[in-house]
Amino acid sequence: MKTIKYLIAVLLYCGTAIAQNVDVFPVEFNSSADDFNSNITQNGRMIYFTSDRKGGKQQVYIVEKDANAWSEPVQIRGSVNDGSQIGAVSLTSDGQFMVFAASEHEVGGFGRLDLYSAEKVKGKWTNIKNLGPNVNTEEWESQPMISNDGNLLFFASDREGGYGGTDIYMATKTSAGWSKAINVGANINTEFDEMTPVIGVDNNNFSFSSNRTNGYGGFDIYISKIKGNTFSPAKNAKEPINSDGDEFYYYSMPNTDIAYFSSSRSGGSGNLDIYKAVPNPYSSEAVFMLNGVVRDIKTNEPLGANIIITDLTTGKKVADLKSDDNTGEYYVILQQARKYSITALRKDYLFFSEKYEIPKSDKGKEQTKDIYLSPISGGNTRLLIFFDFDKSTLQNESIPELNRVIDFLKDNTSVKIRLEGHTDDQGSADYNDKLSGNRAKSVKEYLVSNGVDADRIQTIGYGLKKPLKNEKTDEARAINRRVEMKIVE
Amino acid sequence: MKTFKYLVLSLAFLVAINAAFSQEDVLRPHGKPKKNIIDEAQESTPFPFIIGLEGGLNYNMFSQTLTWGSPVPKSIYNAYANGSGLSPFFSIIADFNLNKQIGLQLKLSYDNKKFKNDYTGIADAYTELGERADATVKREFENTGSYLGLSAQLRYNLTDQLFIIAGPLVQIPIGNFDQTETESILSPGFYYNQPGKPTIISVNSTLSNVKTRIGFELGIGYKVNITKTIFLVPQARFQIMPTKLTDDELGGIDNSRILFGTPTLTATDKTLNSFQFAVALWFQL
């Protein structure tokens, strides 16, 4: 029965893909040389791609969308391109961290071609690091693909011990760096060449290229699904995605019906070109996209800050991203049916956290929210802390934020704080004064029990005296129920 | 020794090319196939400009229509009905890509033409007794002349290597078209005038009214990469020239056989077309 259901699902899936009238056309920034790996960032506003349009040397280029047109491609700024053959970049969703492949990069490597990482600092790609021996070998490692949260890494390698030719491998991010890379297995790899892995923004859709038999010619795009470390059997993406030429790098643009991929089919500008497919027959599942600008609350200047995404259900940090140093812009992709906290942190500033609960039905939603950070001196921030109803008992969802307070106080040992409890307008003033005071004390107790000097923490309960909102709505009351942390010294 | 030096230099050149382009890249282990590198070097310039030198051989095909006022069986003048021959040509070319598939090629040529023919027929000759009688006689002719050729042709790439080329051609005569005519009496005991006189006579002259010709050239070629920017290009072409080689000759006389009188002999529609087999070196700038 399960098999029959599976077969019906596969038939429906294939039928849908075939029934759609997919238009495929080249983008305007192709050259007569190789143009490939159209890595889309910042909600489709930028594309990083690789081209050897200048002297046959592969380099990383960027185009930005202005109104409806793409800008002229320019080589990216910084030291990423300091090597003989550079490219195949993959970026986190914020566009602030990349992994790339390079031959003979100035940083040095282990083998014929290695994987490296780079960070965007003040508009330049810098801090180049080799990903290390858990990922790189003395053989050819290339085409890294990092998941949008930066925690999964896929790449191609022709190292020994695979299924043959080039295979796709994966590694996960740990506190000590990348885990030892493993072959993703026989549902993806064959005795032929598998390469150009791409994981969708939903961390579920997975595509790659292979020159296995029974394709349309050369390298074809294949589609699979990933769950944990398990991949579903790969299926040929069929025409018009595949052709008698080579196809590589199938990228689905989040929450749209657009895909980009590279192909050597006839009709382009020559060699490998980047093509756009509409509607995308293999789109990723819809995601919640949050973006905005991190600013100084006093000067309104944009700030580069770390953006930490925490799964409030598990308490685990699921992504460590960054806002742009120059523009303060941040981009975060969240999966549906989860509860998250988004925290912005920056040295010499108080952190700020916000909760996002993404319902299962909330498909394809985008939201813009600017984050304002307060300088430490005289600063004030609202803590993302949750209590049981009408009690001062801390809920588990509060733990990540409380740990951030602990880290902040340990990093700033001369700072003294005051925890200010606030309630909504329901109940008597006396009752609320007491409740808010107890809640502030609960927070203090947690901090002290985790090594913070009690003398550095004052508490006070303001009850309903200092509402942020005067409306009598549930929304206003939720905003008014809070614990604030104020810097007093 | 000279050949050995050439081989060593060629090998060193090929090794240098190989070393320069067999580099790992981010898409392909061990780098691109060399063919792609070379193609790309060609294509990376949006509108590459090529100059070239070529040389080759013409296979010339001459024909004209001969009309006698009254029939002269086995006239030795039948030799002039057609002719063929091999001759060299040299060209310099300039080639511009208009887009990836179509290019414009301008060519300036020194184009030598040579054609000849012979015919063994019956002609009057003298016996040893001084009597006039039919003898077996071979008449030969050979014409040689040169043109300055100017052409502007469109090149269409069928594949990355194979192309066809076609366009108009102008041929301007350079100097005279020399003609050598020879008669040989093959029947033993026959002479031109009287016994003891030669049995072979030869006359040199020049063709009059050689015309500037306009025609059409159609060819096919194949580009072979020697380096990223140098190509060896064998080609085969056909020159079809509707303009006549010279004006028609009206009112000539066939006096080779008095028995049949001296009928007029008119030569019209003199055409000269050529197959060309060329080898060119193209240099992409």
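Trainee: Let's start with the open sheet of four strands in chain A: what is the order of its strands?
Mentor: This is a predicted model, by the way. The pairing in this open sheet is antiparallel. The edge strands are E26 (316–322) and E30 (352–358) of chain A, since each pairs on one side only. From one strand to the next the twist averages 20 degrees. Reading across chain A, the order is E26-E25-E28-E30.

Trainee: Which residue is the bridge partner of A:Ile309 in E28(A)?
Mentor: Strand E25 of chain A covers residues 306–311 and runs antiparallel to E28(A). Six bridges join the two. In E28(A), the partner of A:Ile309 is A:Ile342.

Trainee: And at what angle does helix H2 of chain A run to E28(A)?
Mentor: Helix H2 spans residues 399–411 of chain A. The helix lies across E25, E28 and E30 of that chain. Its angle to E28(A) is about 15 degrees.

Trainee: How far apart in space are A:Asp348 and A:Asn412, C-alpha to C-alpha?
Mentor: A:Asp348 sits in the loop between strand E28 (338–345) and strand E29 (349–350) of chain A. Leaving aside neighbours within four places in sequence, A:Asp348 is in contact with A:Pro375 and A:Ile376. Along the sequence, A:Asp348 and A:Asn412 are 64 residues apart, but in space, C-alpha to C-alpha, the gap is 8.9 Å.

Trainee: Over to strand E11 of chain A: how many of its six residues are buried?
Mentor: Strand E11 takes in residues 141–146 of chain A. The strand is largely enclosed by the rest of the structure, because the buried residues number six of the six.

Trainee: Which residue in the turn of the E11(A) and E12(A) hairpin has a positive phi?
Mentor: Four bridges join E11(A) to E12(A), and the two run antiparallel. One facing pair is A:Ser142 opposite A:Ala156 in E12(A). Five residues lie between the strands of this hairpin, and the one with a positive phi, about 80 degrees, is A:Gly150.

Trainee: Is A:Ser157 buried or exposed?
Mentor: A:Ser157 belongs to strand E12 (residues 152–157) of chain A. Not counting residues up to four places away in sequence, its contacts include A:Trp140, A:Gly165 and A:Tyr169. A polar atom of the A:Ser157 side chain lies 3.2 Å from the backbone oxygen of A:Trp140. The cut-off for burial is under 20%, and A:Ser157 has a relative accessible area of 1%, so it is buried.

Trainee: Which residue of chain A meets B:Arg28 in a salt bridge?
Mentor: Side chains of opposite charge can pair when their charged atoms come close. Here the N to O distance is 3.0 Å, and the partner of B:Arg28 is A:Asp34. B:Arg28 lies in a loop of chain B and its partner in a loop of chain A, so the pair joins two chains.

Trainee: Which residues are linked with A:Arg112 in a network of salt bridges?
Mentor: Start with the salt bridge between B:Glu24 and A:Arg112, at 2.6 Å, N to O. B:Glu24 lies between H1 and H2 of chain B, and A:Arg112 between strand E8 (97–103) and strand E9 (114–121) of chain A, so this pair joins two chains. B:Glu24 is buried, with a relative accessible area of 12%. The residues linked with A:Arg112 in the network are A:Glu139, A:Asp158 and B:Glu24.

Key:
Residues are numbered from 1 along each chain as its sequence is written. Chains are lettered from A and ligands numbered from 1 in the order in which they are written. This is a predicted model: local features need pLDDT of at least 70, side-chain atom pairs count only at pLDDT 80 or more; totals for chains, interfaces and linings use all residues. Side-chain values use heavy atoms; hydrogens and water are left out. Buried means under 20% relative accessible area, exposed over 50%, partly exposed in between (1.4 Å probe, protein chains only). A polar contact is a pair of N or O atoms within 3.5 Å; within protein, one must be able to donate a hydrogen and the other to accept it, and residues adjacent in sequence count only if both atoms are side-chain atoms. Contact means heavy atoms within 4.5 Å. Two strands pair if DSSP finds at least two bridges between them. Axes are lines fitted to C-alpha atoms, for helices over the stretch in contact, and angles run from 0 to 180 degrees between N-to-C directions. A salt bridge is a side-chain nitrogen of Lys or Arg within 4 Å of a carboxyl oxygen of Asp or Glu.
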